[in-house]
Each structure stands twice: as structure tokens, then as C-alpha cells.
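Here are my notes on this model, point by point. Please keep the sequence and the 3D view open while you read.

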Amino acid sequence: MKIGIVCYPTFGGSGVVATELGMALADKGHEIHFITYNQPVRLDFLSHNLHFHQVVIEEYPLFEYQPYELALSTKMVEVVRKYSLEVLHVHYAIPHAYAAYMAKQMLKEKGLDVRVVTTLHGTDITLVGSHPNYKSAVEFSINNSDVVTSVSNNLKETTNKLFNITKDIKVIYNFIDVKKYDNANKEECKRIALAKPNERIFTHVSNFRPVKRVEDVVKIFSEVRKEIPAKLLMIGEGPERAKAENLVKELNLVDDVFFLGNSTEVAKILCYTDVFLLPSQTESFGLAALEAMAAGSAVISTNTGGLPEVNIHGKTGFLSNLGDIADMAKNAILIAKEAATLEVFKQNAKKHTKQFTLESILPVYEEIYRSCYKSKA
Ligand code: GMT
């Protein structure tokens, strides 16, 4: 099949899912065209079935804000026509579903019928999409997509609560290529480079936006550190990083907390991890937690959004109320203190990820594209 994929090319989870999906589809012989403003960070051009079309925005002094949606829908029309694409799969509703609707209408005028699949990822619904500034446009573009999917049951329920949705939303969980995270016998996983043998390694990976509550990560670690020798790895960049670094200094943790910035080698870093910390305000799914679990880390998270669908309380880790630092620290210590307990949680976490494999989720997306093809015939 010939499919256009539209996503944010950055380190965010929606871009990662879109990129991994596109690469896996190309491996299976489908012709995949990424349409976005930069090459997606995890895009690896190993397949001749993969193409990237850059959306270029010309700066014009009249515009304080450049009209990205216009350039994006124009590029979608151009690529669909040139490569005879049948489906546009847009990840993250804002502004992608809206731009896809416009492209579809423009193509209709030229006698072409492209199908639009919209995948809702989280903040496009919860924090941004439902804001009065965007709500009508987001609702309209969801209802006018041919197929709508969401990455968790919780996100589906939330979407139906916040908007007047007339379409059925199909839940398709996020997935990972578990092979990429399987560290058994991996030579490069030399945790001794970061921690002493008696120290536990805690990790947080995010884009350091306020929703991730990175200061809570530091506070939890500070409590843990009082009880057990440990190190904390902070992976990612974003607006809250400086606050987290200041807190680390204030709490005298500079020797135990490392800020490693953005990384394209998350799997390598996760191989050292014992416990992953994700105290988010909300998380539609928590792909970062799933990646950590696949590498064999237990997870301490909040119980918000779709996190309970990924992190199983008392089995793969623990869930706590938002902001309950004491409870998250207590649970982290319970997991990490004794080697035998830690090992049980780590193994459970790894096993649980078998429900979210690329092999099981990819055919579900393929079936959706096929249904788009069939309904056109
Ligand atoms: O979490 C972020 O800040 C990035 C964001 C995105 O859209 O790139 O992630 C959302 O989509 C991911 C992939 O589906 C989910 O795993 C994340 O839970 C979700 N983030 C939030 O809901 C805050």
C-alpha cells in the first residue's frame, strides 16, 4: 500500500510511534512517505520504500506566525498526487487532522479520493485540543477523518467526554520493537560506567515540559537516596530542565544526578536502569515507561490517564496519586532495596511488554489501511 505519514519530527512520543510505524511498514514492503517539517529524529533510511518530503515555510515579514497548516496541506496534496497515495495517516490531531481535511477537499476537486486516518496521542486532546482556542477545529477534524484511533482506552473516554464525537474511536495501543530493548548478554550495557555495583539506577526520560513534573522526579529520588545508594539519569531537554537542575543543587544531589540531554540511544541508556520514574500530571499512554519496561525496568508512576493500562500496580511497578511524593518514594524503595524483589519487578515489567509488540500491533494498522482501500473500491 502507499501511505503518507504526517507527524511531529521531534523527540515526543507521537513522533516516535509514527516513525517506528512507518519504518516497520516499509520493511513489510509498503511505500511510506513522511510529510513533516524536519526529518523525524528516529527515522533511519535503510529501506528504499521510505521517503521524506519536507514542508518548507517561507518567512514573510507580514506574518508574525507563519501559516504552517497551509504549507502542510499544500505539501500533502502535492505528494498524494505525485505518488498516488491512497491513505494519509496523521499523528497528533493539531494541526495535522485539520490540514489533512483541507488536503482531502482540495484533492476531491481534482477527482482524487484520499482517506484520512487520525491517531490521537494525548495532549492534542487533553491539554491543548480541548482549549476553547482550538476545540471547534479539533472536534471538526476528528469527526471528518475517515478513521480515528487513540492510543489507550482512557484517551478514547477522555476524547468522548471533552468533545462531541460522532465517529467511533478505535483503540490501538502504542507498541515497541522489543528486540531493540532486549539487553540480555548485551556487551555495551556497562552499568559500571555510571554507578557502583551497590548503587541502584533510576531514570527519567521526557521532553521536560510542565506536564512531566520533573521536579517531582528529583524529589522522589532525594527521598530514595536517603535510604539506598542510587544514581538518577535525567534524559531529555525542555523548559523545566533548569528548575530540575536547581533543585538538584539545592538538595545536594549533584554527585548522584546526571542530566544527559536528548538522546537517540534511549535503548542503550535504559539497559542500565533499575527503576523508571514517571510522575506525570497526565499521560495518555506513557510510551517512555513502556520502553523502559521492555528493557527490564520497574516503573514508579502516577495513576493518571492511560498509565494504569501500561504499568500494573504491584506487578510491573506502582501507581500513586498525582504529587504524592512520599508514596512514590516509599514504593520505589520497596522495589529497589532488596535485589530479589527488584528482580521480580524487573522480570514482570519485561514480560508485560509482550502485550505491546510491533508484531501484534502492526497488522491492526495494516487492516485499517486495507479497509480504507476497500471502501474506495
Ligand atoms: O508526552 C509528551 O510530551 C509527548 C507526546 C507526543 O504527542 O509526542 O506524547 C503523547 O503521545 C505519546 C505517544 O502516543 C504517549 O505515550 C504519551 O503518553 C502522550 N503524552 C501525554 O499524554 C502527556
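1. Buried means under 20% relative accessible area, exposed over 50%, and partly exposed in between, with a 1.4 Å probe and protein chains only.

2. A word on the basis. This is a predicted model, where local features need pLDDT of at least 70 and side-chain atom pairs count only at pLDDT 80 or more, while totals for chains, interfaces and linings use all residues. Residues are numbered from 1 along each chain as its sequence is written, and side-chain values use heavy atoms, with hydrogens and water left out.

3. Helix H9 (residues 287-294) is mostly covered, with 7 of its 8 residues buried. Among them are Leu287, Leu290, Glu291 and Met293. The cover includes helix H1 (13-27), strand S12 (298-302) and helix H12 (339-352). Gly296 follows H9 and has a positive phi, near 90°.

4. Now the domains, whose bounds come from an automatic or database domain assignment. Domain 1 is 2-175 + 357-376, and domain 2 is 178-356. The contact takes 25 residues from domain 1 and 24 residues from domain 2. Over C-alpha atoms, their centres are 30 Å apart.

5. How much area is buried between domain 1 and domain 2? About 1700 Å², of which carbon and sulfur atoms give 56%. Buried area is the accessible area (1.4 Å probe) that two parts lose on being put together, summed over both.

6. The rule finds 2 salt bridges across this interface. A salt bridge is a side-chain nitrogen of Lys or Arg within 4 Å of a carboxyl oxygen of Asp or Glu. Separately, note that Lys180 forms a salt bridge with Glu20, with the closest N and O atoms 2.8 Å apart.

7. Last, the cysteines. The whole structure has 0 disulfides (pairs of cysteine sulfur atoms within 2.5 Å). The sulfur of Cys372 is 18 Å from the closest cysteine sulfur, in Cys7, too far for a bond. Cys7 is buried at 1% relative accessible area, and Cys372 is buried at 3%.

How values were computed. Contact = heavy atoms within 4.5 Å. Helix = DSSP H or I, 4+ residues; strand = E, 2+ residues; numbered from the N terminus.
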